Amino acid sequence: MIVLPAVLAVASLLLPPAIVQDTLTVFAASDLQLPFGAIVPMFERVTGQKVVLVFGSSGALAAQIERGAPADIFFSADQGYVQQLVDREVLYRGSDQVYALGYLSLVTRRGSGLMLRTLGDLAGSGVVRIAIANPAHAPYGRAAQQAMRRAGIWELVEPKVVLGENVRQAVQFVTTGAVEAGIIARSLAGDPALVAIPVDPSLYDPILQTAGFVRRTARLELARRFLAFVTDTAGWAVMQRYGFARPTSP
């Protein structure tokens, strides 16, 4: 795997300058940056409450929450990190909820001239570098690695793989031309700078995006309202637009 120069890195967390007492603080996986960017203003208009968003890889956010970061609710990109925090009594037991199913897309930069149709095309000579999120703490990176293994190309492409701190950084590597291709969250694949095709979902385990409430929150009811808003009609219309599916979908 390849580590790109630090000059290309972006912050793994978008931390607010200050968090005030009456603000709901939402820690959310990086694949939610675009949909939540649209949902939060809607929620604020309806409720009159303020929301601060903190984005990062699910594993990094879980570690920060466990160390006492001021989160009220955690939206992970998979069940594992939420269950871990429930087991350690950092999140309320029974509060964990699968709020969406996520999917992978294979992307290239628009205008690059590359014509990729399947994961197998990543083994070709036209692809020198492939961006994915770090599988060690980013669920979409883990799913991307799993998909390449199941497609039978991992051993061929592993030397080409460039790890982003989170899936949003993997997108940046593609859009800036630092890499030729990437395997990213479908929710981020609508960038007009990208050409995207879906990755066959049978090549990776279901991405069960899961939320839970932080036990030390003083804003539990507001956190409940936000989760309900995300999964109700108005919020879900946005989530669906960014490629998420209902947990009950086949």
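Salt bridges and the domain interface

Tutor: Start with Arg142 and Asp78, whose side chains meet in a salt bridge at 2.3 Å, N to O. A salt bridge here is a side-chain nitrogen of Lys or Arg within 4 Å of a carboxyl oxygen of Asp or Glu. Keep in mind that this is a predicted model, where local features need pLDDT of at least 70 and side-chain atom pairs count only at pLDDT 80 or more, while totals for chains, interfaces and linings use all residues. Residues are numbered from 1 along each chain as its sequence is written, and side-chain values use heavy atoms, with hydrogens and water left out.

Student: OK, and which domains does the protein chain have?

Tutor: Domain 1 is 3-101 + 207-241 and domain 2 is 103-203; such bounds come from an automatic or database domain assignment. Taken over C-alpha atoms, their centres are 25 Å apart.

Student: How many salt bridges cross the interface of domain 1 and domain 2?

Tutor: The rule finds one across that interface. There are also seven residue pairs in polar contact between domain 1 and domain 2, both residues at pLDDT 80 or more. A polar contact is a pair of N or O atoms within 3.5 Å; within protein, one must be able to donate a hydrogen and the other to accept it, and residues adjacent in sequence count only if both atoms are side-chain atoms.

Student: Which elements give two or more residues to domain 1's side?

Tutor: Helix H1 (33-47), helix H2 (58-66) and strand E10 (207-213). H2 gives the largest share, three residues. Helices (H or I, at least four residues) and strands (E, at least two) are DSSP runs, numbered from the N terminus.

Student: And what area is buried between domain 1 and domain 2?

Tutor: About 1,800 Å², with carbon and sulfur atoms giving 62%. That is the accessible area (1.4 Å probe) the two parts lose on being put together, summed over both. In residues, 21 of domain 1 are in contact (heavy atoms within 4.5 Å) with 22 of domain 2.

Student: Back to H2, then. Which of its residues are buried?

Tutor: Ser58, Gly59, Ala60, Leu61, Ala62 and Ile65. Buried means under 20% relative accessible area, exposed over 50%, partly exposed in between (1.4 Å probe, protein chains only). Their cover includes strand E1 (23-29), strand E2 (50-56), E3, helix H3 (79-87) and helix H4 (139-150). Just after H2, Gly68 has a positive phi of about 110 degrees.

Student: How many salt bridges does the rule count?

Tutor: The count comes to seven. One of them joins Asp72 to Arg219, with the closest N and O atoms 3.1 Å apart. Asp72 sits in the loop between H2 and strand E3 (73-75) and Arg219 in the loop between E10 and H7, so the pair ties together parts 147 residues apart in sequence.

Student: Are Asp72 and Arg219 buried or exposed?

Tutor: Both are buried. For another pair, take Arg224 and Glu221, at 3.2 Å, N to O. They both lie in helix H7, three residues apart, about one turn of the helix. Arg224 is partly exposed at 40% relative accessibility, and Glu221 is exposed at 53%.

Student: What about Thr231, what does its side chain reach?

Tutor: The backbone oxygen of Leu227, at 3.1 Å. Thr231 is found in helix H7 (residues 220-231) and is buried, at 18% relative accessible area. Leaving aside neighbours within four places in sequence, Thr231 contacts Gln97, Tyr99, Trp236 and Arg246.
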